[in-house]
Amino acid sequence: MRQLLTLQATRPKAGPRRGSDLKELGIVEDGAVLCLGGKIVSVGTTKDALRDPWLKKHRKSVREIDCAGKIVLPGFVDSHTHPVFVSPRLVDFEKRIEGASYTEIAAAGGGIRSSLEAVRNASKSALAAKVLAVLTEMAAHGTTTAEAKSGYGLTLESELKSLEAIREAASQWPGTVIPTLLGAHVVPKEFQGCSQKYVEIVCTEMIPQAAKRKLAQFVDVFCDQGAFTSNETEQIFEAAEVHGFKVRAHMGQLSEAVLQPFLRFHPASFDHMDHVNADDIAQLAKQDTVATLVPGANYFLGLKEYPNARRLIDGGVPVALATDYNPGTSPTISMPTAMSLACTHMKMSPAEAVAAATINGAWSLRVADRKGSIEPGKDADLAMFDVKDYREIPYWFGANHCAMTVLNGIVSSRV
Ligand SMILES: [Zn+2]
């Protein structure tokens with residue numbers, strides 16, 4: 001292959017990539033990767049691979065994939081998605097174009113409530129089929145690991161049903177799915193004015209039940225104006241911790257939150273981060289909490305402002321990129337699109353965008369020991385792009401040049 005982007009560790013005991021390490025892609029020219037039983041066993045030049053004694057002996061039984069003239073990189077790790085919904089929100093789309101406010105959109109039958117009703121009424125298998133179709137589409141665009149949140153049911157029953165749908169879809173997809181309970185997405189209509197009652201349901205019913213049935217690895221909270229307060233978020237994180245969940249949160253999308261009180265929970269990720277203060281940047285530079293940026297949401301909402309990636313990266317905060325796939329604010333499954341927006345609107349270099357979409361996404365899901373780079377011992381998750389230079393991935397925006405993905409050793413080809 002022309003370029004093999006290994007993303008191999010730049011130093012022995014590496015945490016998530018920060019600062020100038022974010023652009024170290026570990027490129028091997030004319031590279032080759034040997035995979036066995038779903039794992040990567042060796043990485044190097046094609047010349048070295050052909051000299052390998054094991055390969056020489058077993059060459060006939062090995063499936064060779066010719067990547068000549070193409071580039072290969074770790075499969076993308078999309079660390080923030082909301083795939084469990086039924087229909088696109090076309091009313092929101094059209095009304096927003098006409099300049100309608102959030103309240104006007106809700107009054108016209110749009111907004112998050114329209115997604116809730118459909119998910120509550122849907123069967124588990126119908127939801128699973130939706131999720132599986134999305135995962136398949138993601139793989140066709142180079143994603144091999146995806147986080148998947150519940151959060152469009154917001155009752156005990158429909159949140160558990162959503163997580164079960166994720167599990168069912170994941171069992172039929174060769175890639176890796178990391179499920180997240182997002183019972184605290186918004187306060188549903190029936191609890192408006194008494195959000196504390198809803199928080200109690202999240203803490204005493206949803207979290208314990210999801211733990212008991214091993215349906216999620218993370219608990220997420222949308223902590224912002226119009227969603228959940230900092231106190232409520234701490235309360236939910238406490239319940240999550242008691243039940244053995246790791247935590248992550250939507251933070252700073254609409255307004256600035258003070259992040260300090262949450263750091264004792266060692267969140268794997270704070271997502272969005274459009275608004276963040278200098279003290280918190282200094283704190284995050286010392287932590288392994290990743291700032292997951294989702295520029296697809298800013299784009300689709302037609303916002304002029306994007307998260308200040310440069311300030312975060314130059315301040316030493318580890319940054320990841322994700323799609324935020326969801327029906328209201330970011331209906332895209334394309335990691336290359338998120339990367340393109342990161343380059344054009346957040347001034348990240350193509351190299352930084354690649355690392356943020358692979359190894360740092362893996363860190364944000366706490367699976368960096370097996371995902372996010374092409375190194376011996378890691379899972380065989382690869383994406384092959386039919387381009388000559390990795391910078392073409394964010395460059396050709398809106399087109400899909402992913403020719404093939406390998407998901408835990410299973411080849412999925414577009415043609
Ligand atoms: Zn989200």
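This is a predicted model: local features need pLDDT of at least 70, side-chain atom pairs count only at pLDDT 80 or more; totals for chains, interfaces and linings use all residues.
User: How many helices and strands does the protein chain have?
Analyst: Helices (H or I, at least four residues) and strands (E, at least two) are DSSP runs, numbered from the N terminus. On that basis the protein chain has 16 helices and 16 strands.

User: What is the radius of gyration of the protein chain, and why does it count as compact?
Analyst: The radius of gyration is taken over C-alpha atoms, and the globule rule is 2.2 Å times the number of residues to the power 0.38. For 415 residues the rule gives 22 Å, and the value for this chain is close to that, so the chain is as compact as a globular protein of that length. The radius of gyration is 21 Å.

User: What share of the residues of the protein chain count as buried?
Analyst: A residue is buried under 20% relative accessible area, exposed over 50%, and partly exposed in between (1.4 Å probe, protein chains only). Of the 415 residues, the buried share is 56%.

User: Which elements do the buried residues of α9 pack against?
Analyst: Helix α9 covers residues 230-242, and its buried residues are Glu232, Thr233, Glu234, Ile236, Phe237, Ala239 and Ala240. Contact here means heavy atoms within 4.5 Å. The elements packed against these residues are β8 (176-184), α8 (195-212), β9 (218-223) and β10 (246-251).

User: How far apart are the end C-alpha atoms of helix α9?
Analyst: The expected span of a helix is 1.5 Å times one less than its number of residues. For the 13 residues of α9 this gives 18 Å, which agrees with the model. The end C-alpha atoms are apart by 18 Å.

User: Which residue just after α9 takes a positive phi?
Analyst: The helix itself ends at residue 242. The positive phi, about 80°, belongs to Gly244.

User: Which residues does Ser79 touch, not counting those up to four places away in sequence?
Analyst: Ser79 is in the loop between β6 (76-78) and α3 (90-97). At 0% relative accessibility, Ser79 counts as buried. Its contacts are Glu147, Arg248, Asp271, Thr292, Leu321, Ala322, Gly361, Ser364 and Leu365.

User: What separation do the C-alpha atoms of Ala351 and Leu25 have?
Analyst: Ala351 lies in helix α14 (residues 350-357) and is buried, with a relative accessible area of 8%. Leaving aside neighbours within four places in sequence, Ala351 is in contact with Leu22, Lys23, Leu25 and Tyr390. Ala351 and Leu25 are 326 residues apart along the chain, yet the separation of their C-alpha atoms is 6.8 Å.

User: Is His272 buried or exposed?
Analyst: His272 belongs to strand β11 (residues 269-272) and has a positive phi of about 90° although it is not a glycine. With a relative accessible area of 2%, His272 is buried.

User: Where is Met273 found?
Analyst: Met273 is a residue other than glycine with a positive phi, near 60°. Its relative accessible area is 1%, so Met273 is buried. Met273 is found in the loop between β11 and α10 (278-284).

How values were computed
Residues are numbered from 1 along each chain as its sequence is written. Side-chain values use heavy atoms; hydrogens and water are left out.
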